[in-house]
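Biologist: I would like to know what stands behind the words used for a structure like this. Please take me through them one at a time.

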Amino acid sequence: MGLVLLSGILLAACVDLYKVEIETDKSYLIVEGTVNNLPDRQVVSIFRTKTDAVFKSSEFTSTIVAQKGGSEPVAEARVVVIENGQTRYDLTETEPGYYEMPASFLGRVGSTYQLSIETAAGQKYLSSIETISPVPPIARIYDRYNAKGIFDRSTSVGQIATNDFYVDFQDPADQRNFYRWTSITYEIQKICATCRGGRYYVTTNDGECRTDSDLSVNNFFDYECKSLCWDIFYGSSLDIFSDVYTNGKLQKDKLVAQIPVYQSNPALVVVRQMSLSPDAYRYYKLVQDQSVNTGSLADTPPAPIRGNISNTSDEAELVLGYFSASEVAENRYWLERRNTVNAQPNGLFASKNGRDPNFELPSSLRSVIPLADCLPSNSRTPNSPSGWRF
Amino acid sequence: MIRITILGFLLLFLPVVVQAQTIVSVKGLVTDSLTNQPLSGVAVSTSIDSDIYGQITDENGRFQLFFPAGRRGITFKMLGYVPQYFFLDENSQSQSLSIRMEKVENQLEQVVVSTKGYDETVKKPLLGVNQINIKTLSKIPAAFGELDFLRGVQMLPGVSSVGEASNGVNIRGGTTDQNLILLDGTPIFNPTHMFGLFSVVPPDALSNLDLYKGNVPARYGGRAAAVMDITLKTPDVNKFRLSGGLGLISEKLMVNVPVIKEKLAFYVAARGAFHDFLLPYISQDLDSVKTRFGEVVGKVFWRINTKNTLSAMGYLSTDYFQTNLLANLPNVVGETTFFDHQTKNFSLKWVSLISPNLDWQTTISSANYDPTIGTIETATLNKVRLESGIYQHQVTSSLNYQRNRQKWEVGASITKYRIRPGILNPGNSQSVNRIAVPDEFANELAAFADNEISFTPRLAATFGLRYSYFQNRGPTTVRSYQPGEPRDEFSVLETTRYEKGQTTKSYGGFEPRVGVRYAPNPDLSFKLGYNLMRQYLQIVSNTTTPIPTSRWKTSDTHIRPQISHLITGGVYQSFDSNIYEVTLEAYLRQSKNIIDYKPGADFLLQEFPETQLVQGRSLAYGIETMLSKKKGNFTGWVNYTYARTFNQTYADLNVLERVNNGNRYPANYDRPHSFNASVDLVADSRNSFSFSFVYSTGRPYTQPVGFVEYLNNFYPYFDERNNQRIPDYHRLDLAWHIKNPSKKVDQRWKGNWSFTVYNLYGRKNAYSVFFKSESGVARAYKLQIFGAPIIALSYNFVFE
């Protein structure tokens with residue numbers, strides 16, 4: 001009995017939310033970017049955190065969230081990726097702080113890459129030289145329904161069931177390998193616009209909401225999509241692995257992604273298995289230890305993590321983030337979602353917003369309700385992703 | 001009380017006629033009045049003029065004194081017992097005595113922790129020595145009713161820990177591995193079961209515990225901060241006894257069997273906790289949790305003849321715990337983590353009485369600790385194990401010589417270490433390789449001398465000197481690195497191979513230990529002490545408290561031994577015939593070559609741990625005050641400690657290797673203010689109540705200085721280490737002990753109940769505060785080990 005009670009205490013009743021308020025007093029450059037071998041958009045983002053940001057646990061859920069303007073884009077910088085010490089690729093700024101590799105660029109296994117940044121203010125930053133090491137293909141991939149799922153703040157319920165993805169892969173024996181897995185999920189979205197206190201109108205360019213004084217500010221009207229439309233979700237987990245204990249062996253049943261069951265519609269899940277350099281692995285491992293693998297009885301006390309980007313004239317400046325170069329082995333997985341429970345067809349909107357869509361009905365004002373445009377962005381696309389089954 | 005005072009008075013004024021020509025010899029046996037067990041360590045003394053003829057009874061409870069014949073009294077004193085006196089007149093001849101000493105508690109008087117050591121007549125000049133006997137420990141309310149010496153010592157000033165799941169205690173600013181924990185002379189490498197929740201000594205066999213946190217006698221060595229010397233009971237050669245208990249957590253049983261009366265006896269004591277098969281019936285969530293632990297200790301005592309005794313001790317301890325609360329074995333695919341560890345200690349002790357004033361003790365011991373961390377592969381349920389181990393073999397021999405006003409102990413010891421840093425054992429796994437890090441070998445030789453001397457009744461001193469010599473030995477591979485650069489794969493200059501028996505690096509040095517005591521009057525004393533201690537074996541770990549599988553590492557070419565200097569001063573005042581005592585001690589401790597780790601350090605299967613760690617210095621200081629009431633129906637103590645501990649990495653390190661930029665930072669266990677109170681109240685001959693209260697400042701943790709959106713999540717980033725503190729800790733516990741509820745007297749079966757409530761007002765004390773990034777947001781959490789009152793009932797019995 002005693003141990004039963006004890007284990008109960010050890011397992012469940014012992015973690016509580018804790019409220020903090022943290023004021024920053026230093027500003028840091030944060031750089032995120034990976035070059036790879038895929039014919040895909042390859043983006044380097046450069047931001048600077050604000051000196052006087054305040055991070056505070058929220059009243060009810062104690063979450064600490066990114067603040068609007070908590071960091072500012074570093075715009076108009078000159079960003080260059082140098083391949084093998086010779087070829088220079090100039091990156092184009094597509095929106096403030098986001099710099100895109102030329103569309104023709106494809107990273108090659110064995111080639112080296114280095115990121116160079118010169119800010120508008122004239123400060124120069126240089127990354128270490130990263131080599132793309134090869135990655136083996138995904139030998140097998142399968143999913144398993146997980147009713148308990150994960151905590152997902154973007155939903156109204158918080159805790160949400162998932163489809164867990166597992167992979168097998170054959171680690172090459174003749175080399176040291178470091179891995180990282182990411183996932184991208186495409187979900188069908190039926191609702192393309194929401195107007196608060198107004199109505200949707202089709203214009204020459206994009207559609208827009210126009211405020212109507214006869215509607216309450218708390219009135220929401222939702223509008224169906226004009227065309228097929230997909231919402232894009234990027235996995236937020238950090239999954240890495242090293243073959244230090246497993247060199248040359250077939251690895252089985254490695255959990256690499258947990259995809260929330262927002263709706264019962266099939267979805268396309270792109271699972272990427274990427275190679276990492278040893279230093280990139282070490283960097284991500286530290287990030288993981290300090291913010292994911294925490295809460296054990298014996299944590300490693302956190303410490304500043306040094307990435308691979310440094311100010312050429314001030315070695316001591318701490319730059320956050322890591323510029324890495326990877327080969328990517330991709331699996332585009334058609335997730336049927338036949339085995340899910342409680343999920344609704346076309347329920348993505350309801351899962352995310354905590355309410356069913358409220359459509360504007362034909363009225364004396366207008367008899368035909370317009371359909372909304374599916375506006376492409378980082379998280380939405382009207383173009384069918386490759387691998388989508390109709 | 002009054003009786004003792006009068007007797008003492010009489011002793012002082014007995015007219016003494018010295019007849020120096022005739023020397024008489026008085027020898028005898030001292031036993032416990034109730035159990036008839038021989039009592040060792042009883043101070044036997046008689047005083048003539050200013051000379052004290054004294055001796056401590058040996059392991060068999062025997063003593064022999066020689067002194068000029070005359071009218072005099074002999075006193076027998078031991079902590080926890082009522083002093084006994086024996087009177088001789090002018091015509092007394094040499095004779096043999098049989099002294100039966102009565103325990104104080106049998107007189108409804110209580111004895112609490114004494115800061116004075118047990119022999120007041122010799123007036124030990126040692127400072128910072130606490131002796132706790134098993135009776136005191138068992139009165140302190142314990143979590144789940146399981147008696148725990150580590151929680152007991154934390155009620156004393158100067159002893160703290162990082163929290164309830166701490167794998168050991170921190171004494172005067174030392175790390176947990178800087179304490180030498182000895183169980184009947186054998187070292188204990190992991191003092192806890194279930195990650196700090198329970199201590200590893202079977203309570204029934206425990207006799208007492210000496211805690212040396214100030215002056216440490218020179219016979220102890222190898223650790224830099226303190227010594228906890230746990231003595232097990234000596235088997236009773238006269239009486240069969242069965243004792244045991246049932247508790248919320250465990251069952252325990254002890255059998256004492258005399259084989260040959262007065263000559264040979266043994267006991268076996270065991271405790272086990274194996275209730276986890278019930279878990280799934282309570283909740284399906286607990287299905288994957290498995291936990292069990294236990295230990296068994298056996299001891300044999302053989303009185304070969306009047307001059308020689310032999311005792312042997314064997315101790316085994318085992319632990320298995322499957323949990324999701326500890327980090328799993330990284331880079332092995334699997335979802336369940338388990339820990340298991342075993343300790344196997346043995347010792348053989350031979351005591352030979354050469355002359356009444358001289359004895360010779362020789363101890364051979366071995367200690368082995370084997371921790372394993374493992375992962376269970378999801379599909380096959382195969383266990384992948386990372387096994388490690390430490391073996392220590394030791395021979396110690398010493399001569400003890402007692403003279404009029406002084407006492408000598410001179411001896412030497414040889415210690416051999418073998419460390420198995422790690423073997424990854426894949427079991428039947430198709431996915432994991434077998435990887436082994438070569439064993440490490442080392443020797444430690446030491447010679448020591450302790451001298452206790454009283455110059456005048458007011459002034460006494462102890463002088464101790466130890467010389468220790470350490471050799472790290474082959475077979476091994478030693479790298480050399482580019483000076484001034486971080487030690488890593490890239491800065492290796494050359495690699496040297498050493499064969500078996502070759503010494504790769506040696507260290508050595510003197511370790512002086514001095515204590516002086518000045519007592520202007522019998523109730524007041526001042527003490528000063530200085531200690532130097534060297535440590536050649538330590539834990540290298542990057543966690544807040546070492547986990548059972550943390551790696552032990554001997555000093556080597558790159559890892560220099562830890563050296564600690566401790567200066568202590570104290571004032572001790574007793575009032576009211578020693579019923580009350582007030583003490584004040586202050587200390588300053590400076591250590592060099594303490595171990596710190598680089599950010600991201602990983603010691604698992606690391607053949608060259610020097611690439612992962614850095615060394616530095618540590619500064620600790622504090623003031624400890626304590627008021628105790630030592631006798632009566634109401635006993636107890638309150639103490640307050642102010643203590644600080646700071647660490648700093650060496651300045652000659654590369655910028656990238658320094659911790660906290662090379663600045664001083666508080667240690668993980670730095671808790672400036674602590675206050676403890678422990679009270680025991682005897683209501684009547686059956687019922688007694690104990691309360692304890694603890695308060696301490698929250699320990700430091702590292703709070704992020706900001707958060708950034710990165711890799712589709714929201715991550716904290718950090719700057720200075722230990723820049724914030726978790727909430728303060730406080731807790732009240734209660735125990736109600738009911739002795740022998742049956743009213744029959746003289747029965748052979750005696751039972752008693754203990755009802756304990758740990759954390760009476762259910763404070764959710766934080767053990768740690770941590771941050772987690774979850775689906776694009778971050779949250780702060782606090783981890784609590786005991787978030788609610790824990791009520792436990794236990795039953796203990798003795799049959800004899």
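Modeller: Two strands count as paired if DSSP finds at least two bridges between them. Keep in mind that this is a predicted model.

Biologist: What makes β15(A) and strand β16 of chain A a pair?

Modeller: The requirement is at least two bridges. β15(A) and β16(A), residues 159–170, are joined by 10 bridges, so they pair, and they run antiparallel. Within this part of the chain, Ile141(A) stands opposite Val167(A) in β16(A).

Biologist: What holds paired strands of a sheet together?

Modeller: Strands of a sheet pair through backbone hydrogen bonds, either parallel or antiparallel.

Biologist: Which strands make up the open sheet, and in what order?

Modeller: The order is β15-β16-β24 in chain A, 3 strands with antiparallel pairing.

Biologist: Why are β15 and β24 of chain A called edge strands?

Modeller: Each of them pairs on one side only. β15 covers 138–151 and β24 covers 250–260.

Biologist: What pairing is found between strand β6 of chain A and strand β49 of chain B?

Modeller: β6(A), residues 63–64, and β49(B), residues 777–783, pair in the antiparallel sense over 2 bridges. At least two are needed, so this count meets the rule. Ile64(A) stands opposite Ala778(B) in β49(B).

Biologist: How many residues does each chain bring to the contact between chain A and chain B?

Modeller: Chain A brings 78 residues and chain B brings 81. A residue is counted if its C-beta atom, placed from the backbone, lies within 7 Å of one across the contact. On the side of chain A, helix α1 (residues 2–11) gives the largest share, with 9 residues. That side divides into 41 nonpolar, 24 polar and 13 charged residues.

Biologist: What makes the size of chain A agree with a compact globule?

Modeller: For 390 residues, a compact globule would have a radius of gyration near 21 Å; chain A has 24 Å, which agrees. Its C-alpha trace spans about 70 × 70 × 45 Å along the principal axes. The secondary structure of chain A comes to 3 helices and 29 strands.

Biologist: Which stretches belong to the domains of chain A?

Modeller: Domain 1 is 20–132 + 277–325, and domain 2 is 136–275 + 328–390. Their centres, taken over C-alpha atoms, are 25 Å apart. Their contact takes 13 residues from domain 1 of chain A and 10 residues from domain 2 of chain A. On the domain 1 side, helix α2 (residues 278–291) gives the most, 6 residues. By class, this side has 7 nonpolar, 5 polar and 1 charged residues.

Biologist: Where do the domains of chain B lie?

Modeller: The assignment gives domain 1 as 2–104 and domain 2 as 129–799. The centres of these two domains of chain B are separated by 38 Å, over C-alpha atoms. In their contact, 18 residues of domain 1 meet 19 residues of domain 2. β3(B) supplies the largest share of the domain 1 side, 4 residues. That side holds 5 nonpolar, 10 polar and 3 charged residues.

Biologist: How do you know that a plug feature is placed in chain B?

Modeller: The name comes from UniProt, where an unreviewed entry places "domain: TonB-dependent receptor plug" at residues 153–226 of chain B. In the model, the end C-alpha atoms of residues 153–226 of chain B lie 12 Å apart, and the span is 1% helix and 31% strand.

Note on methods: Residues are numbered from 1 along each chain as its sequence is written. Chains are lettered from A and ligands numbered from 1 in the order in which they are written. This is a predicted model: local features need pLDDT of at least 70, side-chain atom pairs count only at pLDDT 80 or more; totals for chains, interfaces and linings use all residues. Domain bounds come from an automatic or database domain assignment. Two residues are in contact if their C-beta atoms, placed from the backbone, lie within 7 Å. Ala, Val, Leu, Ile, Met, Phe, Trp, Tyr, Cys and Pro count as nonpolar, Asp, Glu, Lys and Arg as charged, and the others, Gly among them, as polar. UniProt positions are given in the numbering used here, feature names are shortened, and annotations may be inferred rather than shown by experiment. The radius of gyration is taken over C-alpha atoms; the globule rule is 2.2 Å times the number of residues to the power 0.38.
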